[in-house]
Amino acid sequence: LATGGLGQLYRATTNPGGATGDGLALALRAGVAVSDLEFIQFHPTMLFAAGNGARSGRRPLVTEAVRGEGARLIDARGALVTAGVHPMGDLAPRDVVAGAIDARLRETGDACVYLDARGIAGFEGRFPTVTAACRAAGIDPVHQPIPVVPGAHYSCGGVVTDTHGRTELPGLYAAGEVARTGMHGANRLASNSLLEGLVVGDRAGSAAAAHAVSAGRVQAGVPERGGRAALDRQTVQQAMSRDASVVRDAPGLQRLADLLSSAGERVVTDRTDMEDAALTLVARVVAGAALARTESRGCHHRAEFSSA
């Protein structure tokens, strides 16, 4: 399994359209253990553009380096978003900043907050990728604050493996974001996923090749047919973004779990059916794990509990 993450559970994500948790769904259906799916890291500053804000899909990331150079997070009225939230203000850890933005948006009902980078000299030359993404969305970051929202970025959990990609099912290996090696704990450090994928991916490939040689030819089973519980992607994304995003609480998570449990069966005939079924199943597990973890830890924040 090397299917990547589950970012498409949410309306706003840095993940590509194919990050629908397919590998997790396959493992779950095979009875293979998964763990830590409640720990989903949200990047605080994803580009939000008028006209596409209501649509789901992958969105450009506005790098934290922009805040490092002095950009400030403000709301629509110009008030600082992180004032009084953390001693480091806009340079606080990702989950803290994302939580502050989420709280401000819930308080005001606004669609986004803004990253004011107008005071950064030579912005175009220093941040060409961000500039290009903004201008493609009709925003000039040199003269306008950049509209941003938190977005699903990285899943710390996944299919349980050892550091050679082995799962509890002999012959099944997993590597990359679909796997849970335990290296990321409750909140991944920046860029660690690249190193994990490089090291464990190489080890998993070698281990899988060795297993294939020793196991010899295995007769394929009969493909499964029939229906899968599935809601459409938009419904899943709207519900997950509302109830299992940056900050969760018991009533919201229970509402989410009830909705997902009500999904009707759909005959899987194409890629859309398969991905909708995977998203629905994985969302149920994320909601259940988040509801069961009655604490705030790492990138899992429960409104009823202070951070551990």
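This is a predicted model: local features need pLDDT of at least 70, side-chain atom pairs count only at pLDDT 80 or more; totals for chains, interfaces and linings use all residues.

Trainee: OK, so is Tyr-10 buried or exposed?
Mentor: Buried, because its relative accessible area is 1% and the cut-off is under 20%.

Trainee: How many aromatic pairs are there?
Mentor: The count comes to 2 aromatic pairs. One of them is Tyr-10 with Phe-42: the ring centres are 5.2 Å apart and the planes sit at 85°, so that pair is edge-to-face.

Trainee: Where in the chain do those two come from?
Mentor: From distant parts, 32 residues apart. Tyr-10 is in the segment before β1 (12–13), while Phe-42 belongs to strand β3 (residues 40–47). Phe-42 is buried as well, with a relative accessible area of 5%.

Trainee: And Phe-123 with Phe-127, why is that pair called tilted?
Mentor: Their planes are at 40°, so the pair is tilted, with ring centres 5.2 Å apart. The cut-offs are under 30 degrees for stacked and over 60 for edge-to-face. Both Phe-123 and Phe-127 are buried.

Trainee: What lies over the face of Tyr-154?
Mentor: That's Arg-188, at 4.4 Å from the ring centre.

Trainee: Switching to strands. Which way do β5 and β6 pair?
Mentor: Antiparallel, over 3 bridges, with β5 covering residues 72–74 and β6 residues 113–116. Arg-72 has Asp-116 in β6 as its bridge partner.

Trainee: What about β6 and β7?
Mentor: Those run antiparallel too, joined by 3 bridges, and β7 spans residues 146–155. There, Tyr-114 has Pro-147 of β7 as its bridge partner.

Trainee: Next, helix α1. Which of its residues are buried?
Mentor: In α1 (residues 22–29) they are Gly-23, Leu-24, Ala-25 and Ala-27. Those buried residues pack against β2 (34–35), β8 (158–160) and α9 (271–292).

Trainee: And what follows α1?
Mentor: Gly-31, which has a positive phi, near 80°.

Trainee: Last topic: what's the volume of the largest pocket?
Mentor: About 500 Å³. It has 21 lining residues, and the closest to its centre are Arg-11, Leu-105, Ala-111, Val-149 and Ser-241.

Trainee: Which elements give two or more residues to the lining?
Mentor: α3 (94–108), β7 and α7 (233–243). Of the elements, β7 gives the most to that lining, with 4 residues.

Key
Residues are numbered from 1 along each chain as its sequence is written. Side-chain values use heavy atoms; hydrogens and water are left out. Buried means under 20% relative accessible area, exposed over 50%, partly exposed in between (1.4 Å probe, protein chains only). Contact means heavy atoms within 4.5 Å. Rings of Phe, Tyr and Trp (its six-membered ring) pair if their centres lie within 6.5 Å; planes under 30 degrees apart count as stacked, over 60 as edge-to-face and the rest as tilted. A charge sits over a ring if NZ of Lys or CZ of Arg is within 6 Å of the ring centre and within 35 degrees of the ring normal. Two strands pair if DSSP finds at least two bridges between them. On a 1 Å grid over the protein atoms alone, a cavity is a set of points where a 1.4 Å probe fits but cannot get out, and a pocket is an open set with protein on both sides within 12 Å along at least five of seven lines; lining residues have an atom within 4 Å of a point. Grid points are joined across faces, edges and corners, and a volume is the space filled by probe spheres set on the points.
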